[in-house]
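I opened this notebook to keep track of what I looked up in one model, working from the overall fold down to single side-chain pairs.

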Amino acid sequence: MKEIALIIHEDVTLSTITGAMDMLIHTNRFFQHLYKHQPFKIILACEKIKNDSLFTPSEFVTYTTMAETSKADLIVVPAFYGDRDQMLKKHNETIKWITQMYTDGAEVASLCSGIYFLAEAGLLTGRSCTAHWADMEDIVRRYPEVNFLSDMVITDQDGIYTSGGAFSSLNLVLYLIDKFCGREVGIWASKMFSLDMDRISQSHFAVFKGQRQHRDDDILKAQTYIEQNHHLQLNIDEIAEHTNMSKRNFIRRFKKATHNTPFEYLQRVKIEAAKKALEKGAQNINLLMYDAGYNDIKTFREVFKKITGLTPQDYRRKYSRELPMLN
């Protein structure tokens, strides 16, 4: 039996806790109906006694406090609401507890923004991780020593698991059920909870807004120039000249500020423009390609799929504003 402790505090995103609990509880029920030993002991480890307000069947869940929890096989750190700086300061004791539990042999899993607690604890230094795509810029800025993989849904390294954004975190719970209980149970859980197994990418969910959390005014000027003129046949020399910098110095400063090369940034701006056109139902891929600043269909398709994980046609089918046929 795996002892799984889910952290509870007053700022948690409840859906990440209740979703994980539902999946673990129903997996226990599945084993119970087969007259087999239940695979999970589910512990709600609260920061404070008053946090234990989630009603669940007592036969499956144990309520306790973190101070009273000295042993667990897996710690699950949920997503949270609130200003990152304030939350990290407010829950500093929880972060210390997570560090100690990992040191004592527990594995640790973060759901969506729960990654901040792991990163603050130093558990992600030199390791790969993922979270909500919208947190990438902030996490990379705060924790440059981590390898943030924004397109991944799940990472698993050295007993530390991280998951993608929002409800993508349930894919990590499914992955853990599959890993701990075996493939047959994993397939059952996939079907029971209507979750695709082995989904690895969340890149098509991402909305590129430009990495602007820096103070280099010249690079901000270059970013604005790219965003306003991406439909033209821009080149790096022209953009560097616009900022009165040498090409070499411009590339160096641009990458330092945005964590993208100017060319990568230009490609992402172009593809974001193409995505918006496809979402509006644009039918002519060639015309859309020219409007986004490409003149070669093969290159456009390759870059689009590299960034989004989908072909332009598949993206349009998934996100077009046209109502789907239901009959």
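The entries below go through the fold, the sheet, the helix packing and the salt bridges.

**Entry 1: ground rules.** I note that this is a predicted model, in which local features need pLDDT of at least 70 and side-chain atom pairs count only at pLDDT 80 or more, while totals for chains, interfaces and linings use all residues. Residues are numbered from 1 along each chain as its sequence is written, and side-chain values use heavy atoms, with hydrogens and water left out.

**Entry 2: the chain as a whole.** I looked up the secondary structure and found 14 helices and nine strands in the chain, where helices (H or I, at least four residues) and strands (E, at least two) are DSSP runs numbered from the N terminus. Along the principal axes, the C-alpha atoms fill a box of roughly 65 × 50 × 30 Å. Of the 327 residues, 51% are buried; buried means under 20% relative accessible area, exposed means over 50%, and partly exposed lies in between, with a 1.4 Å probe and protein chains only. I also checked the contacts (heavy atoms within 4.5 Å): among those with a separation of 6 or more, 64% come from residues 24 or more positions apart.

Entry 3: I traced an open sheet of seven strands, in the order 3-2-1-4-5-9-8 and with mixed pairing, taking two strands as paired if DSSP finds at least two bridges between them. Strand 3 (61–65) and strand 8 are the edge strands, each pairing on one side only. Neighbouring strands of this sheet are turned by 20° against each other on average, direction ignored.

I then took two pairings in detail. Strand 4 (residues 74–77) runs parallel to strand 5 (residues 107–110) over four bridges, and Leu74 stands opposite Glu107 of strand 5. Strand 8 and strand 9 pair in the antiparallel sense, over four bridges, with Gln157 having Ile160 in strand 9 as its bridge partner. These two strands form a hairpin with two residues between them, and Asp158 in the turn has a positive phi of about 55°.

**Entry 4: helix packing.** Which helices did I find roughly parallel to each other? Helix 1 and helix 6 pack at an angle of about 30° with their axes 9 Å apart; the axes are lines fitted to C-alpha atoms, for helices over the stretch in contact, and angles run from 0 to 180 degrees between N-to-C directions. Helix 1 and helix 6 are therefore roughly parallel, given that angles under 35 degrees count as roughly parallel, over 145 as roughly antiparallel, 65 to 115 as roughly perpendicular and the rest as oblique. The residues that meet include Gly19, Ala20 and Met23 in helix 1, and Val173, Leu174 and Ile177 in helix 6.

A second pair, helix 8 (residues 217–229) and helix 10 (residues 247–258), has axes that come within 10 Å and cross at roughly 90°, which makes helix 8 roughly perpendicular to helix 10. The contact is made by Asp218, Ile219, Ala222, Gln223 and Ile226 of helix 8 and by Phe250, Arg253, Phe254, Ala257 and Thr258 of helix 10.

**Entry 5: salt bridges.** My search of the whole structure finds 16 salt bridges, each being a side-chain nitrogen of Lys or Arg within 4 Å of a carboxyl oxygen of Asp or Glu. One of them joins Lys90 to Asp11, with the closest N and O atoms 2.9 Å apart. The pair links distant parts of the chain, since Lys90 is in helix 2 (residues 84–90) and Asp11 in the loop between strand 1 (2–8) and helix 1 (14–33), 79 residues apart. Lys90 is partly exposed at a relative accessible area of 42%, whereas Asp11 is buried at 15%.

Arg142 and Asp85 meet in another salt bridge, at 2.8 Å from N to O; Arg142 is in helix 5 (residues 136–142) and Asp85 in helix 2, 57 residues apart. Asp158 lies in the loop between strand 8 (154–157) and strand 9 (160–163) and Arg127 in the loop between helix 4 (115–120) and strand 6 (128–129), so the pair ties together parts that are 31 residues apart in sequence. Asp158 is partly exposed, with a relative accessible area of 48%, while Arg127 is buried, at 17%. Finally, I noted that salt bridges with shared partners join Asp85, Asp138, Arg141 and Arg142 into one network.
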